[in-house]
Amino acid sequence: MRLLPLLGGLLPLLGLVSAAPSCNHECNRACWTSRFNVNTDYENEWPITAVTRKFDFEITELDEWVGPDGHIKKGAMLINGGYPGPLIKADWGDRIEVTVTNRLKTNGTSMHWHGFHQLNSNDQDGVAGVTECPIVPGASRVYSFLATQHGTSWYHSHISSQYANGIVGPIQINGPSSYPYDTDLGVFPISDWYYDSAEHIVDRMMDPKDPFLKGVPGSPPPSNNILFNGMNIAPNGTEGEYARLKFTKNKRHRLRLVNTSADNTFVVSIVGHNMTVIETDFVPVEPYPVRQLYLTVGQRYDVVIKADQEVDSYWLNATLSSTPLCGVSLNPYPAAIISYEGADDSRLPTNPGRPAIEQFCEDEVSAKPLTSRTAPKAEFTDTKVDTLSVTLDVKEVNKGISKVLWSVDGSAIDVQWDKPTMEYVVEGNFTFPRQANIIKLPETVKWSFWVIQNNSPSPHPMHLHGHDFLILGRSRFTGTPLVDPGQPIFFDPAVDGPHLKFDNPTRRDTTVVPPFGWLVIAFEAGRNPGSWVFHCHIPWHMSQGLSVQFLERVDRINGVMPNLMPDLQKKCDAWREYADKDPEFRMRKVDSGI
């Protein structure tokens with residue numbers, strides 16, 4: 001099975017199909033089939049079921065839409081007419097095939113499958129201006145990829161700030177678990193919700209003369225509400241309804257938590273109940289108990305909860321931080337309801353629970369992955385440390401026009417929708433625009449180490465495509481960086497290097513870089529050909545430029561994706577023809593485009 005990374009797409013044709021019956025049940029969730037279990041190194045081997053799960057998405061747009069809480073949202077963009085979009089549910093080793101049809105009025109779109117490594121299938125990653133040209137209005141695109149990982153995730157459009165208008169949905173990949181449970185409650189996304197359009201929000205955030213917070217260029221607005229699985233009452237309590245989950249007394253329930261927000265982050269807790277963490281992002285971990293969990297934008301936690309309390313109803317709270325840098329909402333106490341079978345559903349819970357412990361945007365880094373990875377310390381200490389420096393700048397972009405931008409090493413990313421990175425690559429043209437923010441990884445290096453130096457008071461949820469990264473270390477979090485910013489804490493290899501953890505640290509695809517601080521990560525380079533973006537997952541900050549691209553194993557790209565050139569040519573020709581119909585069209589991309 002070690003041939004799978006190279007031949008994964010060919011194995012069904014070769015007859016090397018693993019379709020054994022599942023041995024997964026309530027008493028033994030660690031087993032999946034006779035060959036695969038929770039300890040399987042999923043980056044190197046996985047089942048091939050020969051099953052294809054097909055889905056059809058139609059993206060539509062409404063100038064005004066009555067949302068789940070009864071209030072009108074401007075500029076809503078929906079999948080199959082609803083929010084969130086349909087659940088993608090599959091088994092580990094299935095192929096997922098999604099036909100995305102763009103029915104937007106004038107906008108292009110794309111679809112990204114968050115957290116999926118897309119091993120040898122970078123062309124399915126769905127990032128406009130990087131892996132593809134946008135899907136033109138009236139056209140369709142079929143995405144097809146293997147579920148080589150298992151667990152919980154989500155999908156969203158990856159073009160400008162578009163997903164904040166509603167183009168998001170949950171993903172559940174059934175597989176083994178490190179802890180037993182009786183019932184799988186499914187994916188439970190938690191998200192901020194804005195009545196204004198994402199485009200208008202970004203316009204104001206990029207305008208240094210019209211910030212949402214007077215005197216603070218680039219400041220975001222508060223969300224109007226927090227939705228749980230697409231539901232909640234309005235903050236004034238007059239419309240909408242609470243999202244509800246059902247527990248069975250003395251049973252263990254698996255709950256798949258996802259933060260699909262644009263900006264808000266949460267501490268999740270359940271009154272009277274502890275949670276056992278079994279998975280962080282797509283990484284199975286040794287089970288550990290918690291009373292609360294902080295979820296930044298893009299993160300996922302799979303947890304198991306024992307229904308060991310009295311038959312009643314209980315609040316599931318998503319507590320916002322006291323610092324506005326972790327996101328602000330006009331709903332001060334967002335919550336959903338968990339009711340035991342036999343409880344009176346007509347009554348709201350009465351016990352608000354203990355206040356959540358303030359975490360100041362600090363996410364969990366103590367989880368221990370079941371499949372161990374060790375970054376070679378010698379390679380880190382023997383080479384020059386690569387640093388990505390993040391700054392907030394006001395820059396003149398045209399004569400007399402300035403914008404608020406997030407820059408990495410002095411450059412805010414600005415991709416070309418009509419000429420994506422991968423089109424340059426397949427043409428053999430490696431003269432990229434400076435603002436593409438491309439970092440070509442050396443083909444001889446197995447491990448890539450990076451220090452992200454944050455020179456701003458804003459924490460950033462950093463997400464890497466195509467890989468999980470090892471979190472080797474980070475600086476401390478401060479609770480009041482706006483009130484008492486002090487000086488940025490810079491990474492010092494001599495002082496901080498000895499405290500980094502190289503042997504099986506927490507591994508995931510999204511984590512927070514502290515305000516005025518640093519984060520050190522490592523990932524295995526050279527195993528996944530393509531261009532993989534590494535960006536802040538706040539769409540406002542993406543639009544303002546906070547991203548780079550890691551260009552990996554250029555020499556293998558055409559070999560592992562033989563249809564890349566004709567597919568790109570066809571889709572990009574369609575986009576260029578659409579854009580050329582209006583000579584002013586190209587000027588309408590007012591942000592980074594990513």
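# Cysteines and their disulfides

Counting the bonded cysteines along the chain, the disulfides here follow the pattern 1-2, 3-6, 4-5. A search of the whole structure turns up three disulfides, a disulfide being a pair of cysteine sulfur atoms within 2.5 Å. The model is predicted: local features need pLDDT of at least 70, side-chain atom pairs count only at pLDDT 80 or more, and totals for chains, interfaces and linings use all residues. Residues are numbered from 1 along each chain as its sequence is written, and side-chain values use heavy atoms, with hydrogens and water left out.

**Cysteine 23 and cysteine 31**

- Cysteine 23 is joined to cysteine 31 by a disulfide with an S to S distance of 1.7 Å.
- This link of cysteine 23 and cysteine 31 is left-handed, with -80° about the S-S bond.
- Cysteine 23 is partly exposed, at a relative accessible area of 21%, while cysteine 31 counts as buried at 16%; buried means under 20% relative accessible area, exposed over 50%, and partly exposed in between (1.4 Å probe, protein chains only).

**Cysteine 133 and cysteine 572**

- The sulfur atoms of cysteine 133 and cysteine 572 are 2.1 Å apart and form a disulfide.
- The torsion about the S-S bond of cysteine 133 and cysteine 572 is about 100°, so this disulfide is right-handed.
- Cysteine 133 sits in the loop between strand 5 (112-113) and strand 6 (140-146), and cysteine 572 in helix 9 (residues 564-580), so the pair ties together parts that are 439 residues apart in sequence.
- Helices (H or I, at least four residues) and strands (E, at least two) are DSSP runs, numbered from the N terminus.
- Both ends count as buried: cysteine 133 has 1% relative accessibility, and cysteine 572 has 0%.

**Cysteine 326 and cysteine 361**

- A disulfide links cysteine 326 with cysteine 361, at an S to S distance of 1.6 Å.
- The link of cysteine 326 and cysteine 361 is left-handed, with -95° about the S-S bond.
- Cysteine 326 lies in the loop between strand 18 (313-319) and strand 19 (335-340), and cysteine 361 in the loop between strand 19 and helix 4 (377-381), so the pair connects parts that are 35 residues apart in sequence.
- Cysteine 326 is buried at 1% relative accessibility, and cysteine 361 is buried at 3%.

**Cysteines without a disulfide**

- Cysteine 27 is in no disulfide, and the nearest cysteine sulfur, that of cysteine 31, is 13 Å away.
- Cysteine 27 is exposed, with a relative accessible area of 72%.
- Cysteine 536 is also in no disulfide; its nearest cysteine sulfur belongs to cysteine 361, 11 Å away.
- Cysteine 536 counts as buried, at 0% relative accessibility.

**Threonine 265, a neighbour of cysteine 326**

- Threonine 265 is found in the loop between strand 12 (252-259) and strand 13 (266-270), and is buried with a relative accessible area of 5%.
- A polar atom of the threonine 265 side chain lies 2.8 Å from the backbone oxygen of cysteine 326.
- Not counting residues up to four places away in sequence, threonine 265 touches residues including Asn259, Tyr294, Thr319 and Cys326, where contact means heavy atoms within 4.5 Å.

How values were computed: Polar contact = N/O pair within 3.5 Å; in protein donor to acceptor, adjacent residues only side chain to side chain.
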